Each structure stands twice: as structure tokens, then as C-alpha cells.
Amino acid sequence: MLKKPNAILFDLDGTLLDTARDLGNALNQILVGLKRPTVDYKIYRNIASDGAKGMLELGFGEDLKDYDFAGLRQQFLDYYENNICVETEYFVGVESLLLALNQNKVPWGIVTNKPEFLTLQLITSFPLLQNCGVIISGDTLSERKPHPLPLLHAEEKLELALPNTWYIGDAKRDIQAANSANMFSVIAQYGYISDIQQTKSWNADLSIDSPGELLGYF
């Protein structure tokens, strides 16, 4: 039987919030403006966790080298910032999970590679997320995932007496960071993963098919 966690840290995109459509819309508005083919949701969904860079690489392919990447990235971020929560929503079961954590007084926080200005703007639309114990973004520290520093810093901020922290994410870098930080690593298989079979090589401690599965562990 697994030891009950005394703190849980979450990735944001693809784990707590389904942000794919708004990220895809940012990509497609650039493509439309350049008279290039748009990308379907089913294709870009599993790239959403890779942020602006990953989405632009998907949309432009090898042609990306022929464009001003910095300019495209800024255009992407500007559009996304202004339309950050049009279609974004909680994954089913996340609200119940977070409310249960609060009720059971289990500290929790968010560690994401999303830039801080976007992270903080996004969570203003989700009051429940504002109640978390710590938020670490991709540019909060000198390192970002897969480096363990953001997770270790978040754990320190929670001021746990005897840390037994779980980290939940939907990308390989999430599991790498958790394992390097000696945390219990959990794959959110409901997130942005193109091939579930490949996750077997990530060396995670646990995989879950829905947020609600975590309820059984505390």
C-alpha cells in the first residue's frame, strides 16, 4: 500500500487545466494571417504542453526556419494573453480533487513551465487555483523542468515537517523533474500525451487515468 502523500504538486497545462484549444487558437490565427493551413485540434492537442515553441514548430514544420521565430513567438504570446481563457476549463474531476485536498488539509501547489505573467493571469479565472500553497512558473527561478529545482523550491515553500510530496504531470519532463527531486512521480495520462505506450519508459511511480483516482490515496 502506498504511503499517504502529505503534499501534492501539480503541473498546470494538461494536468489541472485543459488549455489546448486556446493555445491552438493562438497558433491558427498566425497561420491564417500568413495564408498557411491551420492545424486541427486532434493534432495540436498533444503538443499543447510544449508551449509556444512546440506549437509553432508543429504549425510551420521545416518552414519555421524561413520565418522570424522571435516575432512569431511574440505574436503567439500576445494573442494568447488576450484570449487566455476563452475555451480553457478544468479537466473533469479536478475541482472535486482540489476541494478534497483542502478539506483534508493536504497542502498543494502548482509547478509549471508556463511564463509567470501567463500563469498568474490564467488562474485569475479559476479562484480555486488561487488558494494553493505555492505557484512556481517557468521563469520564477534560474532553472525549469526537467530540472528538479522548481519542485524542490515549491516543496520548501510549503514548509513541510516530513516531506512526502507527490508531483503529477503529463509530460516526460515532469516525471524526470519529480524523480530527480526524489518525489513520488505520477503521470496524468488524461493529459496531452500522444502515445500512452511511451510513458512506460518514463519510470514514473504511478499513472492515473483521471484526477479522481488520486482521491483514493489520501
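**Group meeting: strands, helices and rings in a predicted model**

Residues are numbered from 1 along each chain as its sequence is written, and side-chain values use heavy atoms, with hydrogens and water left out.

Back to Thr112. It lies in the loop between β4 and α6 (116-123); helices (H or I, at least four residues) and strands (E, at least two) are DSSP runs, numbered from the N terminus. Leaving aside residues up to four places away in sequence, Thr112 touches Asp11, Leu12, Asp13, Thr119, Ile136, Ser137, Gly138 and Lys145, where contact means heavy atoms within 4.5 Å. The side chain of Thr112 also reaches the backbone nitrogen of Lys114, at 2.9 Å. That is a polar contact: a pair of N or O atoms within 3.5 Å, where within protein one must be able to donate a hydrogen and the other to accept it, and residues adjacent in sequence count only if both atoms are side-chain atoms.

Now the strands. β1 and β4 run parallel and are joined by three bridges; two strands pair if DSSP finds at least two bridges between them. Ile8 has Trp108 in β4 as its bridge partner. β4 also pairs with β5, again in the parallel sense and over three bridges. Here the bridge partner of Ile110 is Ile135 in β5.

Which residues of β4 are buried on each side? Trp108 and Ile110 are buried on one side, Gly109 and Val111 on the other, and both faces are covered. As background, side chains in a regular strand alternate between the two faces of the sheet.

Ile135, in strand β5, is partly exposed, at a relative accessible area of 25%. Its C-alpha atom is 5.9 Å from that of Gly109, 26 residues away along the chain. Not counting residues up to four places away in sequence, Ile135 touches Ile110, Thr119, Leu120 and Ile123.

Helix α8 (residues 149-157) has Pro150, Leu151, Ala154 and Glu155 buried. Their arc around the axis is only 135 degrees, so they are on the same side of α8. In general, an α-helix has 3.6 residues a turn, so residues three or four places apart point the same way. On the other side of α8, Glu156 and Lys157 are exposed. What do the buried residues of α8 pack against? The partners are β1 (7-10), β4 (108-111), β5 (134-136), β6 (165-169) and α9 (172-180). Just after α8, Glu159 takes a positive phi of about 55 degrees.

Last, the aromatic rings. Rings of Phe, Tyr and Trp (its six-membered ring) pair if their centres lie within 6.5 Å; planes under 30 degrees apart count as stacked, over 60 as edge-to-face and the rest as tilted. By this rule there are eight aromatic pairs. Phe91 and Tyr190 are edge-to-face, because their ring centres are 5.2 Å apart and their planes stand at 65 degrees. Phe91 is in the loop between β3 (89-90) and α5 (94-103) and Tyr190 in the loop between β7 (184-188) and β8 (206-208), so the pair ties together parts that are 99 residues apart in sequence. Phe91 is buried, at 8% relative accessible area, and Tyr190 is buried at 14%.

Trp166 and Phe184 form a stacked pair, 4.3 Å centre to centre with 25 degrees between the planes. Trp166 is in strand β6 and Phe184 in strand β7, so this pair ties together parts that are 18 residues apart in sequence. Trp166 is buried, at 1% relative accessibility, and Phe184 is buried at 16%. Finally, Phe91, Tyr190 and Tyr192 form one aromatic cluster.

How values were computed: This is a predicted model: local features need pLDDT of at least 70, side-chain atom pairs count only at pLDDT 80 or more; totals for chains, interfaces and linings use all residues. Buried means under 20% relative accessible area, exposed over 50%, partly exposed in between (1.4 Å probe, protein chains only). The arc is that of the directions from the helix axis to the C-beta atoms.
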